[in-house]
Amino acid sequence: MDEELKPMLSVREFDPDRDTERVEAVERICEVGPSGKLSLFTDMLRDPICRVRHSPAFLMLVAEIGEEVVGMIRGCIKTVTCGKRLSRNGKHNANNTKHVPVYTKVAYILGLRVSPNQRRMGIGLKLVHRMEAWFRDNGAEYSYMATENDNLASVKLFTDKCGYSKFRTPSILVNPVFAHRARVSPKVTIISLSPSDAEVLYRRRFATTEFFPRDIDSVLKNKLSLGTFLAVPGGSYSSETWPGPDLFLSDPPKSWALVSVWNSKEVFTLEVRGASRVKRTLAKTTRVVDRALPWLRVPSIPDLFRPFGFHFMYGLGGEGPDAAKMVKALCGFAHNLAMEKGCRVVATEVSPNEPLRSGIPHWKMLSCDEDLWCMKRLGEDYSDGSVGDWTKSQPGMSIFVDPREV
Ligand SMILES: CC(C)(COP(=O)(O)OP(=O)(O)OC[C@H]1O[C@@H](n2cnc3c(N)ncnc32)[C@H](O)[C@@H]1OP(=O)(O)O)[C@@H](O)C(=O)NCCC(=O)NCCS
């Protein structure tokens, strides 16, 4: 590091009035992903803190050299499931035992950026250290971050210098929104649930899923949550005969599934940069054909080379032998909702072991097979009880990806 710059570097809390424009300028020149390939740019719609502001506790820091903003980092803290234990009080099976979640306070780092001309001078490292100090002061027991597997700078910074280890590798599955409606199987009925009914279903059936947020009720009631949708076999239940979550769970159909949809379009837009002229023209041609001849159902590639919004499907789960088929119907339903709202893609993120994955339509070229999550334990003196050190645990079949931090 240039010794002369050291005293001038300061890190402080983001001030929207002072910093918004300067932070956006840094964001615009920061490519995320290896250079020379397609890269993704994010437009935070004049609200650089948007990707954390819906979390229970959040902070954004900026690094400054003189008057110049040269880097930033966002972080948030929430309570999530890190494992499960047997409880003997429930009346849920012959032994009167059931699994209940074990919760921990976890912090998440995202949106770390350093201006290209100020890199390799220790600014990124300093921002991470300062954020971790805030995490510790606020009682977080773990900290994690997500990055592309091939983002060498980011992976090395966190694993070599900050003590993080590779933890989970969920897949981001992205499907384009076509100009024609997706087909939803007529054998499936889709019921829209109220946030409170959805909360009961999630807490009863999915609370032991890793990263399940204890404040699921605030996620479901957030204005960005467009609803929770339940798929059941046609003829079992309908919106009119929906008996409420308790009766439903006491006599569920053989298979069912549910998903919630988050309106990320209101938070930020994305843009793919670095595509060749040939690729852009090809994509445009498929759209022209799809729009002109919608009955052909040509799978058109949406215009991702201009800023676009998307919906995020979260809380995907289900039970029974046909649950993946139910998920497929839900994805068709979510596609049509995204089409009505003018989104160009629908995305979700699932565990590599997710049993319902086969029901999620997606395009490989738009998806990311391995989103690398790295985690660190922030202190050694926690009593994790039966779970032990979470960073050393085996992944579960499913993972809950909180839409607030997408
Ligand atoms: C990742 C990023 C924030 C690093 O910022 P930085 O200020 O350059 O990082 P630092 O100078 O603090 O580097 C600390 C350590 O990280 C590792 N590192 C950083 N950049 C690296 C690179 N390009 N190649 C390999 N290792 C790298 C090194 O171990 C480095 O220590 P060293 O310089 O003593 O070898 C910056 O490259 C960036 O903004 N990238 C684009 C946005 C992005 O990918 N963000 C991360 C998403 S989570």
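Reader: Why does Asn263 count as buried?

Author: In this predicted model, Asn263 has 21 C-beta neighbours inside 10 Å, and since the cut-off for a buried residue is 20 or more, Asn263 counts as buried. The residue is found in the loop between β11 (256–262) and β12 (269–273).

Reader: Which residues are in contact with Asn263, once its neighbours within four places in sequence are left aside?

Author: Leu224, Leu226 and His311 are in contact with Asn263 on that count, a contact being a pair of C-beta atoms within 7 Å. Along the chain Asn263 and Lys223 are 40 residues apart, while their C-alpha atoms are separated by 8.7 Å.

Reader: What makes Ser218 count as buried, partly exposed or exposed?

Author: Ser218 has 17 C-beta neighbours inside 10 Å; a residue is buried at 20 or more and exposed at 12 or fewer, and because 17 lies in between, Ser218 counts as partly exposed.

Reader: What is known of the largest nonpolar core, and which of its residues touch the most other members?

Author: This core has 91 residues, and those touching the most other members are Met72, Ala231, Ala257, Met326, Val327, Leu330 and Val346. The core draws at least three residues from each of domain 1 (6–169 + 370–405) and domain 2 (173–366). In soluble globular proteins, nonpolar side chains tend to be buried together. Not counting residues up to four places away in sequence, Met326 touches Val188, Ala231, Ser255, Trp256, Ala257 and Gly318.

Reader: How many residues does each of domain 1 and domain 2 bring to the contact, and where are their centres?

Author: The centres of domain 1 and domain 2, taken over C-alpha atoms, are separated by 25 Å, and the contact takes 34 residues from domain 1 and 34 residues from domain 2. On the side of domain 1 that touches domain 2, β2 (39–43), β4 (68–87) and β5 (98–114) each supply at least two residues, and β4 gives the most, with 6 residues. The residues of that side divide into 17 nonpolar, 9 polar and 8 charged.

Reader: Which residues are closest to the ligand, and how many surround it?

Author: The ligand is surrounded by 22 residues, of which Arg119, Gly124, Leu125, Ala153 and Leu157 are the closest. At least two residues of this shell come from each of β5, α2 (123–137), β6 (142–148) and α3 (152–161), and α3 gives the most, with 7 residues.

Reader: What is the division of the shell around the ligand into nonpolar, polar and charged residues?

Author: The shell around the ligand divides into 11 nonpolar, 5 polar and 6 charged residues; among the closest, Leu125 and Leu157 count as nonpolar, and Arg119 counts as charged.

Note on methods:
Residues numbered from 1 in each chain as written. Predicted model: local features only at pLDDT ≥ 70, side-chain atom pairs only at ≥ 80, totals over all residues. Helix = DSSP H or I, 4+ residues; strand = E, 2+ residues; numbered from the N terminus. Contact = placed C-beta atoms within 7 Å. Domains from an automatic or database assignment. Near = placed C-beta within 6 Å. Core = buried A, V, L, I, M, F, W, Y, C linked by C-beta atoms within 7 Å.
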